[in-house]
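Subject: Structure handover

Hello,

Here is the structure I said I would pass on. Please look through it first, then read the notes below.

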Amino acid sequence: MAIVLANGGGEGPDWQDFVGIICLLIINSTISFIEENNAGNAVAALMARLAPKTKVLRDGQWQETDAAILVPGDIISIKLRDIIPADARLLEGDPLKIDQASALLDSDKSQLNN
């Protein structure tokens with residue numbers, strides 16, 4: 001635009017403005033690309049860190065694995081403050097207190113026994 005609009009009045013194109021604008025555009029796009037890349041890496045690192053893990057009994061040994069790869073029939077170990085799947089069954093253990101507020105959107109708490 002600077003080159004096209006600067007040709008009025010019998011003067012030549014204003015190359016200094018054109019080169020300055022192009023340099024600023026290149027610098028701006030480079031900085032934007034670097035910042036976007038850093039933000040993407042930060043989000044990926046947070047997602048990997050927040051991915052739920054669980055202890056599962058497989059091949060007779062307890063292993064820690066991603067909760068996303070659990071299959072029906074897996075035996076999992078739960079402890080205080082663990083997030084467990086809604087379809088998990090309690091096989092043995094002490095009475096269990098469940099905070100259903102996140103599932104029911106209210107502050108209902110109930111006590112379950114084996």
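A residue counts as buried under 20% relative accessible area, as exposed over 50%, and as partly exposed in between (1.4 Å probe, protein chains only). V19, with a relative accessible area of 45%, is therefore partly exposed.

This is a predicted model, in which local features need pLDDT of at least 70 and side-chain atom pairs count only at pLDDT 80 or more, while totals for chains, interfaces and linings use all residues. Residues are numbered from 1 along each chain as its sequence is written, and side-chain values use heavy atoms, with hydrogens and water left out.

Confidence
The predictor's confidence in each residue is its pLDDT, from 0 to 100. The chain has a mean pLDDT of 77, and 70% of its residues reach 70 or more. Among the elements, helix 2 has the highest mean (90) and strand 5 (residues 109-112) the lowest (50).

Overall make-up
There are three helices and five strands in the chain. These are DSSP runs numbered from the N terminus: helices are H or I with at least four residues, strands are E with at least two. The pattern along the sequence is α-α-β-β-β-β-α-β. Of the 114 residues, 4% count as buried.

The sheet
Two strands pair if DSSP finds at least two bridges between them. An open sheet is formed by three strands in the order 2-1-3, with antiparallel pairing. Its edge strands, strand 2 (61-66) and strand 3 (75-77), each pair on one side only. From one strand to the next, the twist averages 40°; axes are lines fitted to C-alpha atoms (for helices over the stretch in contact), and angles run from 0 to 180 degrees between N-to-C directions.

Strand 1 and strand 2 are joined by six bridges, and T54 has T65 in strand 2 as its bridge partner. Two residues lie between the strands of this hairpin, where D59 takes a positive phi near 55°. Strand 1 (residues 53-58) is also joined to strand 3, by three bridges. V56 stands opposite I76 in strand 3.

The surface patch
V19 lies in helix 2 (residues 15-50). Together with W15, F18, I21, I22, L25 and I26, V19 makes a nonpolar surface patch of about 650 Å². Patches are made of residues with over 30% relative accessible area and no salt bridge; like charges are joined within 9 Å, nonpolar side chains (Val, Leu, Ile, Met, Phe, Trp, Tyr) within 5 Å. A salt bridge is a side-chain nitrogen of Lys or Arg within 4 Å of a carboxyl oxygen of Asp or Glu. Accessible areas come from the Shrake-Rupley method with a 1.4 Å probe; for residues, only the protein chains shown count as cover.

Regards
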